[in-house]
Amino acid sequence: MDFGEVIRRRRMIRQYLDTPVPTESLDRIVDAALRAPSAGFAQGQSLIVITDRDQRERIAQAANEQDYVDRGYPRWLSVAPVHVVVTVSEEAYLDRYRESDKLGPDLDTLDWDVPYWWVDGGATMMAILLAVVNEGLAAGFQGSHNFDDLSAVLGVPDTIMPLGVITIGFGAADDQSRGSARRDRRLQADTVHYDRW
Ligand SMILES: Cc1cc2nc3c(=O)[nH]c(=O)nc-3n(C[C@H](O)[C@H](O)[C@H](O)COP(=O)(O)O)c2cc1C
């Protein structure tokens, strides 16, 4: 697919057909995720790819899906045939930036105004979201309000932080769901500054 079209077509989709995602597509999506940049090439991002139905159900429970359903929303996480959880490791960056070609001992005085692990996690997410569209599939992202339960279900160590759940599948044609109230995309003139703010 043309890159511009991939960008334009990307939307968060929250309703899916119960059709499995082809393994080759999933492999290419994972491959794209691993091409994301990382500060110092620390590569502190990892992925958990979940296709097991029971595990997806447990993730949906950790996200209180039933509460949403009781409030009239359709099931989302439990229906999506694939979940991908991007995780980041702060430790990986601290270790990397302690190396001699980076900050070495000066690291201990560094105040991470921009914590690079979150930046890199977002870059990985975007790579996945775009690769999904390129495969003719759809993806959504659900942030978590209960990371303790999500981490427990996924069995991640204490030092590893999941960002939330990316859902992947064939989008339902009638998906009208919106995670947030509908608002207009900000105009370029209000958003982009040239040469200075
Ligand atoms: C960090 C982040 C967290 C989000 N969390 C949720 C969420 O918990 N539930 C949801 O329905 N959508 C969530 N979204 C999706 C946004 O609502 C969506 O990206 C935004 O409304 C713009 O729509 P679009 O991505 O389809 O263009 C999240 C997006 C981001 C980037």
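Reader: What does Asn-64 count as, buried or partly exposed, and how is such a label read?

Author: Asn-64 counts as partly exposed because its relative accessibility is 41%; in general, buried means under 20% relative accessible area, exposed means over 50%, and partly exposed is what falls in between, with a 1.4 Å probe and protein chains only. Please keep in mind that this is a predicted model, in which local features need pLDDT of at least 70 and side-chain atom pairs count only at pLDDT 80 or more, while totals for chains, interfaces and linings use all residues. Residues are numbered from 1 along each chain as its sequence is written, and side-chain values use heavy atoms, with hydrogens and water left out.

Reader: Where does Asn-64 lie?

Author: Helices (H or I, at least four residues) and strands (E, at least two) are DSSP runs, numbered from the N terminus. Asn-64 lies in the loop that runs between helix 3 (53-62) and helix 4 (65-70), and although Asn-64 is not a glycine, its phi is positive, at about 55 degrees. Gln-43, also not a glycine, has a positive phi of about 50 degrees; its place is in the loop between helix 2 and strand 1 (45-50), and Gln-43 is partly exposed at 47%.

Reader: How many aromatic pairs does a search of the whole structure find?

Author: Rings of Phe, Tyr and Trp (its six-membered ring) pair if their centres lie within 6.5 Å, and planes under 30 degrees apart count as stacked, over 60 as edge-to-face and the rest as tilted. Searching the whole structure gives six such pairs. In one of them, Tyr-68 and Tyr-73 have ring centres 6.1 Å apart and planes at 70 degrees, so this pair is edge-to-face. Trp-112 and Tyr-116 are also edge-to-face, because their planes stand at 85 degrees, with the centres 5.5 Å apart.

Reader: Which residue lies over the face of Tyr-68?

Author: A charge sits over a ring if NZ of Lys or CZ of Arg is within 6 Å of the ring centre and within 35 degrees of the ring normal. Here Arg-71 lies over the face of Tyr-68, at 5.0 Å from the ring centre, and Tyr-68 itself is partly exposed, with a relative accessible area of 29%.
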